[in-house]
Amino acid sequence: MAQKILSSTESASSPISSGTGWLRLSSHLKTRRPSPRVLMIAISNPPYNLLDGNILSELKRVLLALHPKATGAVILTSAIEDIFISHYDVGEILSFSKLVPVKPPASVVRGLLGFESWAAWAGFRGLMRRTPLAPLSHLNLYHEVTELLRSIPQVTIAAINGRAFGGGCELALACDYRIMVDTPPEGKPGIRGSGIGQPEITLGLIPGGGGTQMLARTVGPAKALDLCLSGRLLPASEALELGLVNQVVSREKLNQAASELAKRVSKRSPEAVACIKDAIHHGATLPIADGMRREQGNFGLSSLCAESNVAMQTYLQHIDSLLGPKSSMDDYEPLLEGDFVDMTPGGAKRELGKAPKKGKRS
Amino acid sequence: MAQKILSSTESASSPISSGTGWLRLSSHLKTRRPSPRVLMIAISNPPYNLLDGNILSELKRVLLALHPKATGAVILTSAIEDIFISHYDVGEILSFSKLVPVKPPASVVRGLLGFESWAAWAGFRGLMRRTPLAPLSHLNLYHEVTELLRSIPQVTIAAINGRAFGGGCELALACDYRIMVDTPPEGKPGIRGSGIGQPEITLGLIPGGGGTQMLARTVGPAKALDLCLSGRLLPASEALELGLVNQVVSREKLNQAASELAKRVSKRSPEAVACIKDAIHHGATLPIADGMRREQGNFGLSSLCAESNVAMQTYLQHIDSLLGPKSSMDDYEPLLEGDFVDMTPGGAKRELGKAPKKGKRS
Amino acid sequence: MAQKILSSTESASSPISSGTGWLRLSSHLKTRRPSPRVLMIAISNPPYNLLDGNILSELKRVLLALHPKATGAVILTSAIEDIFISHYDVGEILSFSKLVPVKPPASVVRGLLGFESWAAWAGFRGLMRRTPLAPLSHLNLYHEVTELLRSIPQVTIAAINGRAFGGGCELALACDYRIMVDTPPEGKPGIRGSGIGQPEITLGLIPGGGGTQMLARTVGPAKALDLCLSGRLLPASEALELGLVNQVVSREKLNQAASELAKRVSKRSPEAVACIKDAIHHGATLPIADGMRREQGNFGLSSLCAESNVAMQTYLQHIDSLLGPKSSMDDYEPLLEGDFVDMTPGGAKRELGKAPKKGKRS
């Protein structure tokens with residue numbers, strides 16, 4: 001996957017948003033770096049932070065520009081208070097709905113989308129988006145963005161600061177991690193309707209950005225059917241219980257929690273991150289034998305990196321203190337915290353592993 | 001999917017079982033309508049409510065006859081006290097077992113089943129069922145019925161009123177929802193052995209109606225292996241904890257709970273229901289890229305309905321009161337309850353959306 | 001599957017390890033029989049019980065030699081105190097890493113592995129293992145061993161007696177059941193760092209023995225991503241909560257708990273066990289229609305066994321006492337305990353079913 005982003009505009013010397021303050025990157029995106037290898041991207045589309053084709057274009061551009069030498073983790077959040085993404089812009093869907101006067105079979109819809117994908121590949125998307133076929137572009141764009149989130153060598157974290165319905169829930173589901181603010185008690189004055197879910201069916205629609213696929217695979221088909229058929233909106237606590245989000249924190253602690261997790265995982269080897277993401281996001285949806293081969297190929301790749309080579313050598317030097325009879329979980333801390341060997345690209349060449357902390361016992 | 005049932009015998013003007021009292025539909029099926037768009041089907045095969053080829057034939061006939069203009073949700077239950085389905089008729093399996101004197105490889109078994117499917121398609125099933133190959137018909141019929149439950153544009157709800165072993169557990173697993181009576185305390189006099197599970201292995205058999213597939217996909221392979229290898233029968237509380245059923249209620253409240261859920265979901269757009277069912281039941285078992293395309297096609301279809309078109313227009317008129325700073329979860333109620341726009345076929349043309357209830361605040 | 005092991009060295013008359021005491025089977029494996037149809041295999045590679053190519057060769061040999069007439073369940077455990085498998089031998093991975101000076105695309109890695117598989121099939125693995133390509137053999141061997149664990153007609157149970165990182169976690173995940181000792185409180189003197197997980201990423205690697213595939217399918221992709229991207233090591237209690245292990249017991253009770261479970265499932269029909277394992281481990285990873293056909297073929301096979309034939313006849317004779325109004329869960333005990341009909345190969349011909357215990361009520 002790493003090759004995909006070699007032609008990027010970001011580099012270690014001129015990373016996107018090098019400062020800790022917010023930088024306006026494009027019409028709807030602001031970025032900042034809570035720590036050197038972590039990029040936080042905030043979507044801003046007042047008043048309701050509706051997702052639309054323009055935001056997807058901007059998101060695609062910034063994700064394609066990321067470089068593993070500069071960025072190891074991405075936090076996706078919103079710049080609007082108490083709203084992550086209200087939902088996808090219904091007006092845009094309606095314009096697509098009005099475009100096609102008859103109801104064609106599903107195969108024709110898929111064919112049209114395939115044609116648009118090909119036109120986009122051939123460089124004609126800009127042209128397409130000025131025709132009535134624009135909504136097809138947006139639907140394809142949505143899938144291209146979520147596919148990028150699943151395949152870039154950066155760990156992606158959705159910091160869900162409030163309402164995440166429909167397209168907002170789907171965007172979060174495409175990330176590797178989801179951290180959500182605790183839903184305020186109902187009716188608290190001044191707080192807008194919060195929660196997470198896929199209410200498309202209330203308008204006679206279904207999720208279109210991968211919601212049925214990601215939900216069914218994340219929480220199982222029974223819960224996915226319930227959520228999509230009822231359109232129920234879950235408070236954060238129920239989303240956590242279902243496994244729809246990884247962690248729930250208070251409103252004040254959201255950015256801190258996301259930044260700490262991002263900082264920790266941003267120290268991982270980008271090659272290993274990409275290999276794990278591919279093996280799980282893609283491989284684990286294949287028949288088991290194919291999935292196993294996909295993992296094997298990725299395992300082979302990760303073991304051939306300079307970084308993993310140095311890390312293995314260093315590990316073997318310290319194996320007795322890590323596995324020996326006097327070892328405890330504390331000895332693993334440098335490994336688990338990413339402090340054992342510098343795994344960032346080029347880092348392994350600079351240093352050859354720190355000894356694990358042994359001071360506590362010796 | 002909707003096309004499949006166009007050649008049905010049910011229509012809005014003469015729906016199956018228009019009354020609220022029980023109607024005997026066929027030898028083993030009784031129906032009634034707890035609310036206009038909800039059809040409750042009760043299986044009656046005293047004394048143990050064993051499932052067999054005849055009941056499957058009758059079930060297939062009624063499912064094929066349903067029309068979305070008349071029916072939006074189906075409740076599948078039993079007419080026998082404390083028994084949902086004891087299990088599939090073992091005598092029928094034994095007759096198949098005796099039919100084949102040698103043990104052929106699995107491919108031959110699959111080949112025979114394929115031949116029977118083809119014969120059934122060609123109109124010769126009636127003939128087949130008078131030959132010793134009848135048990136092959138029943139096995140194929142089982143899969144045709146569960147496949148119909150997964151693909152008709154009605155939401156299907158199993159109201160499990162007691163014992164659901166083997167084939168009973170599988171029939172429930174093919175529905176979109178499962179509501180189960182609370183298992184009575186062990187040994188309570190007069191109450192028969194209850195619970196849910198796949199005890200086929202205790203007779204040297206394995207689930208044959210999709211149990212291994214539906215369990216593994218619903219509760220994960222580790223729990224599915226445990227249940228199928230041990231044959232363990234779960235009380236309702238454990239089934240709920242595992243996610244094998246969606247809800248557990250007291251014996252008295254089963255029909256009410258199922259009817260209320262059915263009434264709520266029966267207001268959904270049948271097109272959207274069919275699209276969601278297809279995307280989750282089928283799409284989410286495909287490799288992720290194929291599943292995404294399946295969802296896209298379904299999304300495209302659902303957005304091209306007259307009903308969704310009207311609903312989107314209405315939504316856009318009310319978006320500020322739904323998403324604005326003064327909105328709360330209460331404002332979503334008409335949407336979530338299906339009262340926002342009439343989504344039943346033809347309904348959208350009659351009315352152009354009710355305004356969401358704003359009385360509470362204004 | 002049964003055919004695969006017909007050319008085995010084990011037979012009912014001379015089973016592997018007939019005694020109850022430990023027998024050294026090969027350099028790194030000890031076996032004993034806690035009950036007649038249960039084989040316990042303990043891996044011994046002091047001091048850290050690292051897994052390597054030699055142990056995998058020995059494991060493969062013993063798994064291939066098992067015969068369903070003699071063995072119905074296998075317990076996989078360790079002979080080293082407080083360590084199940086520390087992890088796979090990093091030195092072996094490093095030698096592979098050093099073998100290939102350039103980083104080829106994943107397709108080349110997969111091609112090399114395919115070539116080694118073919119060479120092994122042609123009988124040249126011994127030769128291969130004396131060349132620098134040996135690590136490829138080990139990677140393929142790992143997959144062959146886990147595939148055997150998933151497909152042999154014996155129920156496989158991992159008795160996890162302590163630390164199970166990386167390759168140890170993967171070996172356990174390939175078994176049908178996982179029972180784990182309770183993790184001792186942190187820092188307890190003399191107890192080595194315990195827990196279970198996939199910390200490969202801390203060395204820039206990813207799981208290579210199926211960890212990403214088995215985790216994603218067992219605990220879902222969201223938890224699998226978290227575990228593999230963070231490298232977190234879970235205490236037994238958290239592993240249980242996630243569904244990564246089936247049961248947690250105290251250190252003293254591990255062997256007893258595993259032996260009791262093994263004894264119970266070892267009475268099942270080996271044909272039915274193989275059919276269920278195939279339907280769930282393999283079938284349930286296929287698109288739903290293919291999975292259903294896979295189950296149907298397996299169901300057909302299991303119903304054509306002499307054992308299931310006898311069991312069905314016996315069941316039909318007793319159906320009224322089992323399903324009748326006076327029946328309770330107690331009546332199912334002989335079925336669930338495997339005492340109803342002798343399902344071990346050849347057993348059904350010897351006896352024709354015991355009547356269920358009715359003494360309690362009559």
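Colleague: Is α5(C) mostly covered or mostly open, and how many of its residues are buried?

Modeller: α5(C) is mostly covered, with 17 of its 18 residues buried; buried means under 20% relative accessible area with a 1.4 Å probe, protein chains only. Helices are DSSP runs of H or I with at least four residues, and strands are runs of E with at least two, numbered from the N terminus.

Colleague: What should I keep in mind about the source?

Modeller: This is a predicted model, in which local features need pLDDT of at least 70 and side-chain atom pairs count only at pLDDT 80 or more, whereas totals for chains, interfaces and linings use all residues. Residues are numbered from 1 along each chain, chains are lettered from A and ligands numbered from 1 in the order written, and side-chain values use heavy atoms, without hydrogens and water.

Colleague: Changing topic, where is Q198(B)?

Modeller: Q198(B) lies in the loop between β9 (196-197) and α7 (211-219) of chain B. Its relative accessibility is 1%, so Q198(B) counts as buried.

Colleague: Which side chain does the side chain of Q198(B) make a polar contact with?

Modeller: The partner is the side chain of E200(B), at 3.0 Å. A polar contact is a pair of N or O atoms within 3.5 Å; within protein, one must be able to donate a hydrogen and the other to accept it, and residues adjacent in sequence count only if both atoms are side-chain atoms.

Colleague: And why is β4 of chain C described as largely enclosed?

Modeller: Six of the six residues of β4 (residues 73-78) are buried, so the strand is largely enclosed by the rest of the structure. A73(C), I75(C) and T77(C) point one way, while V74(C), L76(C) and S78(C) point the other.

Methods
Buried < 20%, exposed > 50% of the residue type's maximum accessible area, 1.4 Å probe, protein only.
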